[in-house]
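Open the model in a viewer and keep the selection panel at hand. The stops below go from the whole chain to single residues and back out again.

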Amino acid sequence: MHPTISAFLCIALPATAQGADVRVRDSEALRRAASGAAPGTRILLEPGEYAAGIFLTGLKGEAGKPIVIAGADRERPPVIRGGGTGMQLTDPVHVELADLVVTGASANGINIDDGGSYDTPARHVVLRRLRVTDVGPRGNHDGIKLSGLDDFRVEDCAIERWGTGGGSAIDMVGCHRGVIEGNTLRHTDEEGSTGIQAKGGSSAIAIRGNRFERAGGRAVNIGGSTGLQYFRPPLREGDGERFEAREILVEGNTFTGGGAPVAFVGADACVVRFNTIYRPRRWALRILQETREPGFAPCRRGELTDNIVAFRAGEWGGAANVGPATAPETFAFARNVWHAIDEPARSRVKLPAAEKDGSYGVDPLFIDPEKGDLRLRPESPARAAGAQALPHLERALRDGDQQGRLLEGGARAHRRGPLRLRPPQEGEGESARALRDWRPPRVGGGSRQRRIHDQLEAIGCGHLRCQKAEVSLVSRKDRVPVARSGRRDEDVQNPAHAPRRLGLCSPLPPPGLRERADGSQVSCDHRGLEVERQHVHRPDSEQLHVGVPESDPVSKT
């Protein structure tokens, strides 16, 4: 940090009262307000232009009382223009940035770091509705640079044109437990730069629901190449196997153009699922190992499932690019939809490991892909895959993932206890098809999730009266009684297995329905699970109970 700026920030100023709003009109006033900010302070920037080079150190809010730096008028956000770095926060805790524009920085647009104190990371930071443009313009210059940041969110931001040939829209080094969601990343460089990069020991990060438009040679770079001294936490003898990135979840995103939408680079146990990929120029994925110092595990145990990949056979180099010193045989591929737009007969792709239940040559029927509309038509045969299939599953799991690991904390899929799902909200559409074909990822060899899909089928009708119905997944021996409107297990035809009860109307009745004496309908699949579906609304207290037959147990490990 520049010594003059550092000295200025250390000047003792009276603290702002907790919860106070402070309005500022220039960068100097912003620095003064930040120096005296207390938990709950909101620093509101009036519309206008602000000089770049805003360095703020040690902002510390509290849980429920963050320090907020935001535009006063969301419709006319303040513009931080030019300079080396637009804004830098060092060692922030419980801080939010919102409704700002940063443009024309020559180094990085926004930089958030731990000040080099690797054992005390920056934490609890939210970046919301920021627009960062025209950074660099060439070289290793990033739109948003995050180093040593834990427990963070980046949401609803737009990042356009970062360092061509080496920069990233969002670059993470040693970051943990983050969510990057609902952002738009747009560039013209389809070879040298990256969109989102997580490396240097980064882990437990969800990259969800973003839009990537020609976002570099690697739109999402899971891992990378990092100098050993920059890893967070620091590398120590006896730490076990090392990695650039672990348990990164990439889901529900759309990718248009670019070299490869996803690259696994020195990564372990990362999952890429339910994404829509349109016309990648070189590959659908890459498996690489760039950090080869002793102790680093080979790139391994990645998963690519339930994605839609539409490509031109005549303009790309194949589905996968595999580099040396990797373990491609440990990767898993399942239920992806592959479509060669120009030559459907060439849709069957070659992958480094066999794919289970893949689909080849079926047109997913995008609405208008050449104009960027990658939504699927109602009659699409691929509605169970791609980004459009994720939202209903996401909402259900967000309600039910009791440990917050899968969706809020990255790709880890080991759960303890029941998995609970709720039906969709009114107007959410075709949740049944998305949920019916969903399978959770097998991360790190955990087996509890492997067969959950075998217990899930259509669950919701979308009516408001059904919103409080629940689904429980438990093993048979752990099953506990649930509300069933006075009905007992003996009421079903196969009491040896836990019944599946649907407390809401079913828009997609399963085949093979049989009517019982009491007027209800029941279907039993090949695993011995019974599905009860009465096309009437049940009381809100009714629960849907999915049991696991003893012949097909779900492991608790």
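**Ground rules.** This is a predicted model, in which local features need pLDDT of at least 70 and side-chain atom pairs count only at pLDDT 80 or more, while totals for chains, interfaces and linings use all residues. Residues are numbered from 1 along each chain as its sequence is written, and side-chain values use heavy atoms, with hydrogens and water left out.

**Whole chain.** The chain has four helices and 45 strands; helices (H or I, at least four residues) and strands (E, at least two) are DSSP runs, numbered from the N terminus. Of the 557 residues, 59% are buried. Here buried means under 20% relative accessible area, exposed over 50%, and partly exposed in between, with a 1.4 Å probe and protein chains only. Switch to the surface: the accessible area is about 22000 Å², and carbon and sulfur atoms hold 48% of it. Accessible areas come from the Shrake-Rupley method with a 1.4 Å probe, and for residues only the protein chains shown count as cover. Among contacts (heavy atoms within 4.5 Å) with a separation of 6 or more, 72% join residues 24 or more positions apart.

**First salt bridge.** The structure holds 38 salt bridges, each a side-chain nitrogen of Lys or Arg within 4 Å of a carboxyl oxygen of Asp or Glu. Select Arg 161 and Asp 134, whose closest N and O atoms are 2.6 Å apart. Arg 161 sits in the loop between β15 (158–160) and β16 (168–173) and Asp 134 in the loop between β12 (131–133) and β13 (144–147), so the bridge ties together parts 27 residues apart in sequence. Arg 161 is partly exposed at 32% relative accessible area, and Asp 134 is partly exposed at 36%.

Move to Glu 155 and Arg 153, where the closest N and O atoms are 2.9 Å apart. Glu 155 is buried, with a relative accessible area of 13%, whereas Arg 153 is partly exposed at 23%.

Next, select Arg 300 and Asp 268; their closest N and O atoms are 3.1 Å apart. Arg 300 lies in the loop between β29 (285–288) and β30 (303–305) and Asp 268 in strand β26 (residues 267–268), so this pair ties together parts 32 residues apart in sequence. Arg 300 is buried at 16% relative accessible area, and Asp 268 is buried at 2%. Then select Glu 96, Arg 128, Arg 153, Glu 155, Glu 181, Arg 208, Glu 251 and Arg 273, which salt bridges with shared partners join into one network.

**Cys 270.** Is this residue, Cys 270, buried or exposed? Cys 270 is buried, with a relative accessible area of 1%. Cys 270 is in the loop between β26 and β27 (271–273). Leaving aside residues up to four places away in sequence, Cys 270 touches several residues, including Ile 222, Phe 264 and Arg 301.

**Confidence.** Finally, colour by pLDDT, the predictor's confidence in each residue, from 0 to 100. The chain mean is 76, and 67% of residues reach 70 or more. Select residues 400–517, where pLDDT is below 50 and the model has 337 contacts beyond near neighbours in sequence. Residues 522–557 also stay under 50, with 143 contacts beyond four places in sequence.
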